[in-house]
Amino acid sequence: LPAFSQATWEYGGFFQTAAQFYARRPNPSDTHAAANGRLQLWTRAVIGNRFSWRAKYDFRLDTHRDVERGRWFDVSQRGLLQPAGSLTEFYADVKLGRVDLRMGQQQIRWGRADGWNPTDNLIPYDYLNTFADERIAVPALKADAYAGRARFEAAWIPFYTPTRLPLIGQRWFPRLPTSAKIVPAPGTDPVEASVSYRDGGGPLPARTLGNSQWAVRWNQLVRRGEFSLSYFDGFDDLAFFRPSFSPAVLRAGTPPHLLVLLNREYHRVRVAGADFASALGPVGIRGELAYFDQTDPSNLDHLLFIVGVDRTWGDWFAIVQYAGQKVSRSLQTSAVFPDLGLRSTLLCRIERTLGPSRSFEVKGALRLLDGDFLVQPVYSIALTNKWRFKVGATIFAGPRDSYLGQFRDSGYLNLELRYTF
């Protein structure tokens with residue numbers, strides 16, 4: 001009690017409102033405009049020299065119903081939609097000499113590449129907007145032990161949290177075939193049928209010790225840089241979709257229609273990874289690679305890697321990276337998400353500071369084999385010490401049967417206003 005009475009308390013947060021404007025509606029359920037609001041509150045307390053804790057709570061509302069308004073105090077983050085209220089972080093830090101412990105809801109980020117990290121597999125993404133790059137915290141126990149220039153990390157995650165995927169039938173879910181050949185009755189010729197899809201759901205891994213996940217990492221500082229080796233044994237944060245087919249609907253005068261249920265399954269995966277960062281004079285070098293040993297029915301073992309160079313001069317920063325993959329079989333029949341979508345891809349980011357209150361940034365991705373690309377320019381200005389305004393765009397181009405080109409009707413303008421307190 002005396003220690004708690006002498007604790008140093010901090011608190012703050014922000015309110016953010018944003019709007020997105022789309023030129024086209026690829027699906028009937030899409031919209032030309034959407035808006036959302038987010039209020040985040042956080043608090044932190046430092047108690048003595050060894051103990052501290054931090055909590056963060058988010059409130060969300062939106063116009064497109066991607067937020068589930070019936071959930072106002074969500075801790076598990078296991079729903080298909082974003083919760084209206086969620087405890088996004090709640091953990092305690094304990095310092096024990098050369099060992100640091102962190103217990104509770106937290107984000108554990110690994111990797112040294114910029115923007116895309118094959119070795120970063122401990123926490124899931126929020127892919128409701130696939131290209132927004134938002135992460136989801138998980139309940140975990142993490143320990144960091146220090147020995148000279150080495151750091152050893154270990155993490156135990158008792159409960160599984162999946163990546164929140166785009167909604168089927170909306171603009172960010174990968175394009176699926178809209179027609180198929182079916183045989184209406186035995187002995188008849190195949191006919192063309194229209195196809196629609198519905199999310200069949202599926203049970204998440206039970207909250208048992210047998211379904212827990214764990215990971216270890218060795219990080220070593222060397223003379224001109226650092227490197228790490230890591231291993232993860234857990235569940236794939238992306239669901240495996242197993243289709244099931246309903247009987248075709250046949251009506252006189254109309255083409256046959258087939259409903260496909262995409263049932264979600266969750267299977268374990270083991271990932272061995274490595275990363276490094278170094279410098280050659282003014283140029284930085286970084287890279288990662290990870291081998292994924294899959295256990296789902298597709299058994300799609302694969303190797304992902306990325307390597308890049310960066311340079312800072314004056315008010316400018318630029319980084320160029322190459323991302324690639326080696327996959328055990330073709331992906332033609334799969335719904336591909338960003339983890340496997342960056343095949344032979346150049347990634348770049350250019351940033352310019354325009355003074356104490358303004359900055360401009362451009363991100364880009366060019367897939368060399370298919371010729372599709374993504375460009376994201378963003379201009380940011382601080383209106384006051386507390387108010388900041390951003391305007392940006394996301395632009396896609398390329399063949400419609402390519403990974404990025406399939407979203408060419410989903411380019412949008414984004415406006416964002418944030419008040420920090």
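Me: How do the residues in the lining of the largest cavity divide by class?

Reply: The lining has 9 nonpolar residues, 3 polar ones and 1 charged residue. Please keep in mind that this is a predicted model.

Me: What is the idea behind looking for cavities?

Reply: A probe the size of a water molecule is rolled over the atoms, and this shows where empty space is left. Here the structure holds 2 cavities of 30 Å³ or more. About 60 Å³ of space lies in the largest one.

Me: Which residues lie nearest the centre of the largest cavity?

Reply: Look for Leu122, Pro124, Tyr160, Thr161 and Gln213, which lie nearest the centre among its 13 lining residues.

Me: And how much space lies in the second largest cavity?

Reply: About 30 Å³. Its lining is made of Trp110, Thr119, Asn121, Leu122, Ser230, Tyr231, Phe232, Val271, Ala272 and Gly273. Strand 15 (225-235) and strand 18 (268-280) are the elements that give two or more residues to this lining. By class, 6 of the residues are nonpolar, 4 are polar and none is charged.

Me: Let's turn to the rings. How many aromatic pairs does the structure hold?

Reply: There are 24 aromatic pairs. To read one, take the distance between the ring centres and the angle between the planes; an angle over 60 degrees makes a pair edge-to-face. Trp172 and Tyr412 have ring centres 6.1 Å apart and planes at 75 degrees, so they form an edge-to-face pair.

Me: Where do Trp172 and Tyr412 lie in the chain?

Reply: Trp172 is in the loop between strand 11 (150-157) and strand 12 (179-182), while Tyr412 is in strand 26 (residues 412-420), so their pair ties together parts that are 240 residues apart in sequence.

Me: Are Trp172 and Tyr412 buried or exposed?

Reply: The cut-off for buried is a relative accessible area under 20%. Trp172 is buried because its relative accessibility is 6%, and Tyr412 is buried because its value is 10%. For another edge-to-face pair, take Trp218 and Phe227, with 5.4 Å from centre to centre and 80 degrees between the planes. Trp218, at 30%, is partly exposed, and so is Phe227, at 26%.

Me: Which residues form one aromatic cluster?

Reply: Tyr22, Phe131, Trp172, Phe396, Tyr403, Phe407 and Tyr412 do.

Me: What lies over the face of Tyr125?

Reply: Arg135 does, at 3.7 Å from the ring centre. Another ring to look at is Phe159, where the charged end of Arg207 sits over the ring, 5.4 Å from its centre.

Me: How should I read the strands, and what joins strand 11 to strand 14?

Reply: Start with the side chains: in a regular strand they alternate between the two faces of the sheet. Then follow the bridges from strand to strand. Strand 11 and strand 14 (residues 213-222) run antiparallel and are joined by 8 bridges, with Arg151 opposite Asn219. Strand 14 also pairs with strand 15 in the antiparallel sense, over 9 bridges. In that pairing, Val216 has Tyr231 as its bridge partner. Strands 14 and 15 form a hairpin, with 2 residues between them.

Me: Which strand does strand 10 form a hairpin with?

Reply: Strand 11, with 2 residues between the two strands. Their pairing is antiparallel over 7 bridges, and Ala143 has Ala154 as its bridge partner. Gly148, in the turn, has a positive phi of about 65 degrees. Strand 10 (residues 138-147) is also joined to strand 7 (residues 99-106) by 8 bridges, again running antiparallel. There, Val99 stands opposite Ala145.

Me: Which residue other than glycine has a positive phi near 50 degrees?

Reply: That is Asn299, found in the loop between strand 19 (283-294) and strand 20 (302-313). Its relative accessible area is 43%, so Asn299 counts as partly exposed. Arg65, not a glycine either, has a positive phi of about 65 degrees. You will find Arg65 in the loop between strand 3 (51-62) and strand 4 (67-68). Arg65 counts as exposed because its relative accessibility is 53%.

Conventions. Residues are numbered from 1 along each chain as its sequence is written. This is a predicted model: local features need pLDDT of at least 70, side-chain atom pairs count only at pLDDT 80 or more; totals for chains, interfaces and linings use all residues. Side-chain values use heavy atoms; hydrogens and water are left out. On a 1 Å grid over the protein atoms alone, a cavity is a set of points where a 1.4 Å probe fits but cannot get out, and a pocket is an open set with protein on both sides within 12 Å along at least five of seven lines; lining residues have an atom within 4 Å of a point. Grid points are joined across faces, edges and corners, and a volume is the space filled by probe spheres set on the points. Ala, Val, Leu, Ile, Met, Phe, Trp, Tyr, Cys and Pro count as nonpolar, Asp, Glu, Lys and Arg as charged, and the others, Gly among them, as polar. Helices (H or I, at least four residues) and strands (E, at least two) are DSSP runs, numbered from the N terminus. Rings of Phe, Tyr and Trp (its six-membered ring) pair if their centres lie within 6.5 Å; planes under 30 degrees apart count as stacked, over 60 as edge-to-face and the rest as tilted. Buried means under 20% relative accessible area, exposed over 50%, partly exposed in between (1.4 Å probe, protein chains only). A charge sits over a ring if NZ of Lys or CZ of Arg is within 6 Å of the ring centre and within 35 degrees of the ring normal. Two strands pair if DSSP finds at least two bridges between them.
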